[in-house]
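Trainee: I am new to this structure. Please pick a single part, look at it closely, and then show me how it sits in the rest.

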Amino acid sequence: MRQETAQEKAQHAAQETALTEAQQARIDRWLAQYPPDPAGRRSAVIPALHVLQDDNGGTLERHHIAALADYLGMPRAAVFEVATFYSMFHLDTACGRHKVNICTNISCWLNGADGLVAYAEEKLGVRLGETTTDGRITLVREEECLAGCVGAPMMVVDGHYHTHLTRERIDEILDGLD
Ligand code: FES
């Protein structure tokens, strides 16, 4: 088999770290909603990471961080900090087709979230932070309030909010995931 030339290697590396035109267009739409300055670009990091994560089957890889930072003209460390701070981003972590985040913060905890987590763990046969063996569901370890306290206890499934949870609702929702 023919060895890659140095030029081909450099070309492949550049392609690997580049955003596609479609991704750039979606990120540009977010950028247009913020001021055209460094603070505005920082504001676009979260939605832009969602774009890349969604396109990559629910996970992020290091080259996404580098590509996005370069595109936004930001230090790579700044984008890395965001990607590793929020539990909604999954960097270097394989995830299932569906991500289930049961909120266990104070309002949800006071309304029985711990019991619901235990129920979901038993139902799925995985612990928080794990993925079912069929790759269907990742039960995300959630440490932050998910901003749905008024409907506590609640969970977020693939970005959709489900409030006033009960075991029956969990059955219904999880059983409906392909
Ligand atoms: S504490 Fe669960 S949504 Fe706020």
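Mentor: Start with a rule. Two strands count as paired if DSSP finds at least two bridges between them. Keep that in mind for strand β1, the part I pick. One caution comes before it: this is a predicted model.

First, the setting. The protein has nine helices and four strands. Along the sequence the order is α-α-α-α-α-α-β-α-α-β-β-β-α. The C-alpha trace spans about 55 × 50 × 25 Å along its principal axes. Of the 178 residues, 24% are buried.

Now the strand itself. β1 covers residues 98-102. How many of its five residues are buried? Five of the five are, so β1 is largely enclosed by the rest of the structure. A residue is called buried here because 20 or more other C-beta atoms lie within 10 Å of its own.

Next, look at the two faces. In a regular strand, side chains alternate between the two faces of the sheet. In β1, one side carries His 98, Val 100 and Ile 102. The other carries Lys 99 and Asn 101. These residues are all buried, and both faces are covered.

Then the partners. β1 pairs with strand β2, residues 137-140, in the parallel sense. Four bridges join β1 and β2. Here the rule applies: four bridges are enough to call them paired, because at least two are needed. Within this pairing, Lys 99 stands opposite Thr 138 in β2. β1 also meets strand β3, residues 155-157. That pairing is antiparallel, with three bridges. There, Val 100 stands opposite Val 157 in β3.

The largest nonpolar core has 18 residues. Val 100 and Ile 102 are among those that touch the most other members, along with Cys 103, Leu 116, Ala 120 and Met 154. The elements giving two or more residues to this core are β1, α8 (113-124) and β2. The largest share comes from α8, with five residues.

What does Ile 102 contact, leaving aside neighbours within four places in sequence? Its contacts are Ala 113, Leu 116, Val 117, Ala 120, Glu 142 and Met 155. A second, separate core has 14 residues, including Val 51, Leu 52, Leu 68 and Tyr 71.

Ala 48 lies in helix α4. Ala 48 is also buried, with 25 other C-beta atoms within 10 Å. Apart from neighbours within four places in sequence, Ala 48 contacts Ile 27, Trp 30 and Leu 68. Ala 48 and Val 100 are 52 residues apart in sequence. In space they are 21 Å apart, C-alpha to C-alpha.

Helix α4, residues 45-55, also meets helix α6, residues 76-85. Their axes come within 10 Å and cross at roughly 70 degrees. The two helices are therefore roughly perpendicular to each other. From α4 come Val 45, Ile 46 and Leu 49; from α6 come Val 79, Val 82 and Ala 83. The contact holds six nonpolar residues, no polar ones and no charged ones.

Finally, the whole again. Take contacts between residues at least 6 apart in sequence: 58% of them join residues at least 24 apart.

Note on methods. Residues numbered from 1 in each chain as written. Predicted model: local features only at pLDDT ≥ 70, side-chain atom pairs only at ≥ 80, totals over all residues. Axes fitted to C-alpha atoms, helices over the stretch in contact; angles between N-to-C directions. Parallel < 35°, antiparallel > 145°, perpendicular 65-115°, else oblique. Contact = placed C-beta atoms within 7 Å. Nonpolar A, V, L, I, M, F, W, Y, C, P; charged D, E, K, R; others polar. Buried ≥ 20, exposed ≤ 12 C-beta atoms within 10 Å, placed from the backbone. Core = buried A, V, L, I, M, F, W, Y, C linked by C-beta atoms within 7 Å.
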